[in-house]
Structures are given as structure tokens and as C-alpha cells.
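Me: I'd like a close look at one part of this protein, the aromatic residues and what surrounds them. Could you walk me through it in one go?

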Amino acid sequence: MRDEKRIFPFMNEIATLWQTSFPDWRFGQVMTVFENWVKVNTSYNDLFYIEEDRFLELFKEFCEVIG
């Protein structure tokens, strides 16, 4: 089982990046655009299979490119 203590640090980082890069977007908008960006720019076809550490790497890259 994964360490449940990973959740708040992960979500806090997502929140910080979201607030900095896309403060006017709703969460659903951010995740929809991010998922489409991932599908076009990486070898991943689905966010479902991405571990949190890799998810954060990709989300940071997305924020740099799009934000």
C-alpha cells in the first residue's frame, strides 16, 4: 500500500502550481487541459497510470509551457 502521507504534500504542490499558473481556471479545466497536453506531448495515454512523482514532474512542465 502506498504511504497515505504523500497525499497532502502532493496536493499542496498541485494547488501552488495551479494558483501561480492558472488562478482563473476551475480545477476541472486545469485537469482537462493537462490531460490533453499529456496525451499529445508524452507517451502516456491516461493520467490513471501515472505515479504522483511523475505526475508532478509533468504538471510542472505543463505549467511552464502553458501557464
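Reply: Start with Phe34 and Trp37, which sit three residues apart in helix 2, about one turn of the helix. Keep in mind that this is a predicted model. Their rings make a stacked aromatic pair, with 6.4 Å from centre to centre and 20° between the planes. Phe34 has a relative accessible area of 0%, so Phe34 is buried. Trp37 comes out at 9% relative accessibility, and because the cut-off for buried is under 20%, Trp37 counts as buried too.

What does Phe34 touch, leaving aside residues up to four places away in sequence? The list is Leu47, Phe55, Leu58, Phe59 and Phe62. Three of those names come up again in the largest nonpolar core, which has 17 residues: Phe34, Phe55, Phe59 and Phe62 are the ones with the most contacts inside it. Helix 1 (7-21), helix 2 (27-41) and helix 3 (52-66) each put in at least two residues of this core. Helix 3 gives the most, with six residues.

Phe34 and Trp37 belong to one aromatic cluster along with Phe10, Phe22, Trp25, Phe55, Phe59 and Phe62. Over the whole structure there are 12 aromatic pairs. Another of them joins Trp18 and Phe27: the ring centres are 5.4 Å apart and the planes meet at 55°, so this pair is tilted. How covered are these two? Trp18 has 25% relative accessibility and counts as partly exposed, and Phe27, at 39%, is also partly exposed. That sets them apart from Phe34, which is buried at 0%, and Trp37, which is buried at 9%.

Now step back to the whole chain. The protein has three helices and zero strands, and reading along the sequence gives the pattern α-α-α. Of the contacts with a separation of 6 or more, 62% are between residues 24 or more positions apart. Buried residues make up 25% of the 67 in the protein.

As for overall dimensions, the C-alpha atoms fill a box of roughly 35 × 25 × 20 Å along the principal axes. The radius of gyration is 12 Å, which agrees with the value near 11 Å that a compact globule of 67 residues would have.

Methods. Residues numbered from 1 in each chain as written. Predicted model: local features only at pLDDT ≥ 70, side-chain atom pairs only at ≥ 80, totals over all residues. Heavy atoms only, no water. Core = buried A, V, L, I, M, F, W, Y, C linked by side-chain atoms within 4.5 Å. Buried < 20%, exposed > 50% of the residue type's maximum accessible area, 1.4 Å probe, protein only. Helix = DSSP H or I, 4+ residues; strand = E, 2+ residues; numbered from the N terminus. Contact = heavy atoms within 4.5 Å. Phe/Tyr/Trp six-rings, centres within 6.5 Å; stacked < 30°, edge-to-face > 60°. Rg over C-alpha atoms; globule rule 2.2 N^0.38 Å.
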